[in-house]
Amino acid sequence: MSKQISFKIEDAEELLTQLQQLNEIIQQDWSKVLNHWNNLEQTWHDESYNDFRANFNKLAAIYNDEQTKLEEYIVNIKENIEVESKLKQLGTLNK
């Protein structure tokens with residue numbers, strides 16, 4: 001049994017826009033972090049490097065998982081907007 005979708009399209013579109021902007025900002029900032037990390041990795045040669053690298057790799061894995069989820073939410077909201085738009089059009093035609 002499928003769930004019925006019902007929401008204000010305008011609110012969903014605004015949320016979608018905000019999530020897309022957030023996603024873009026996060027991707028740009030994360031890219032900068034990775035570039036700086038890559039530069040630092042080439043010159044950092046003491047004992048603390050291994051500990052930091054392990055922690056940084058954990059952080060990167062968490063980031064990648066959350067980034068994937070955010071992108072999935074964006075796709076889901078787009079799909080829901082499309083469905084709601086089609087339902088609204090059908091409702092208009094049936095009146």
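**Charges, rings and distances**

Modeller: Let us begin with charge pairs: the count in this predicted model comes to one salt bridge.

Colleague: Which side chains meet in a salt bridge?

Modeller: In general, side chains of opposite charge can pair when their charged atoms come close. The cut-off is 4 Å between a side-chain nitrogen of Lys or Arg and a carboxyl oxygen of Asp or Glu. Here the N to O value is 3.4 Å, and the two side chains that meet are those of glutamate 66 and lysine 69.

Colleague: Where do glutamate 66 and lysine 69 lie, and how many residues apart are they?

Modeller: Both glutamate 66 and lysine 69 lie in helix 2. Their spacing is about one turn of the helix, that is, three residues.

Colleague: Is glutamate 66 buried, exposed or partly exposed?

Modeller: Buried means under 20% relative accessible area and exposed means over 50%. Glutamate 66 has 44% relative accessibility, so the residue counts as partly exposed. For lysine 69 the value is 38%, and therefore lysine 69 also counts as partly exposed.

Colleague: Which residues gather in a patch of negative charge on the surface?

Modeller: A residue needs over 30% relative accessible area to join a patch. Glutamate 10, in helix 1 (residues 9–41), has a relative accessible area of 48% and is partly exposed. The negative patch consists of Glu10, Asp11, Glu13 and Glu14.

Colleague: How many Å separate the C-alpha atoms of glutamate 71 and glutamate 10?

Modeller: Glutamate 71 lies in helix 2, and its relative accessible area of 33% makes it partly exposed. Along the chain, glutamate 71 and glutamate 10 are 61 residues apart. Between their C-alpha atoms the separation is 20 Å.

Colleague: How many aromatic pairs are there?

Modeller: Two rings pair if their centres lie within 6.5 Å. By this rule the count is nine aromatic pairs.

Colleague: Why is the pair of tryptophan 37 and tryptophan 44 given its particular name?

Modeller: Planes over 60 degrees apart count as edge-to-face. The ring centres of tryptophan 37 and tryptophan 44 are 6.3 Å apart, and their planes stand at 85°, so this pair is edge-to-face.

Colleague: Are tryptophan 37 and tryptophan 44 buried or exposed?

Modeller: The limit for a buried residue is under 20% relative accessible area. Tryptophan 37 and tryptophan 44 are both buried.

Colleague: What kind of aromatic pair do tryptophan 44 and phenylalanine 52 form?

Modeller: Phenylalanine 52 is partly exposed, at 38% relative accessibility. Its ring lies 5.3 Å from that of tryptophan 44, centre to centre, with 45° between the planes. Planes under 30 degrees apart would be stacked and those over 60 edge-to-face, so the remaining class applies. The pair is tilted.

Colleague: What accessible area do Val83, Leu87 and Leu90 have together?

Modeller: Leucine 90 is found in helix 2 (residues 47–93) and is partly exposed, with a relative accessible area of 46%. With Val83 and Leu87, Leu90 forms a nonpolar patch on the surface. Together they have an accessible area of about 240 Å².

Colleague: How far apart in space are leucine 34 and glutamine 67?

Modeller: Leucine 34 belongs to helix 1 and is partly exposed, at a relative accessible area of 30%. In sequence, leucine 34 and glutamine 67 are 33 residues apart. In space, C-alpha to C-alpha, they are 15 Å apart.

Key
Residues numbered from 1 in each chain as written. Predicted model: local features only at pLDDT ≥ 70, side-chain atom pairs only at ≥ 80, totals over all residues. Heavy atoms only, no water. Patch = residues over 30% accessible without salt bridge, like charges linked within 9 Å, V, L, I, M, F, W, Y side chains within 5 Å. Areas by Shrake-Rupley, 256 points an atom, 1.4 Å probe, with all protein chains shown as cover. Lys, Arg positive; Asp, Glu negative; His and termini not counted. Charge placed at Lys NZ, Arg CZ, Asp CG, Glu CD. Helix = DSSP H or I, 4+ residues; strand = E, 2+ residues; numbered from the N terminus. Buried < 20%, exposed > 50% of the residue type's maximum accessible area, 1.4 Å probe, protein only. Phe/Tyr/Trp six-rings, centres within 6.5 Å; stacked < 30°, edge-to-face > 60°.
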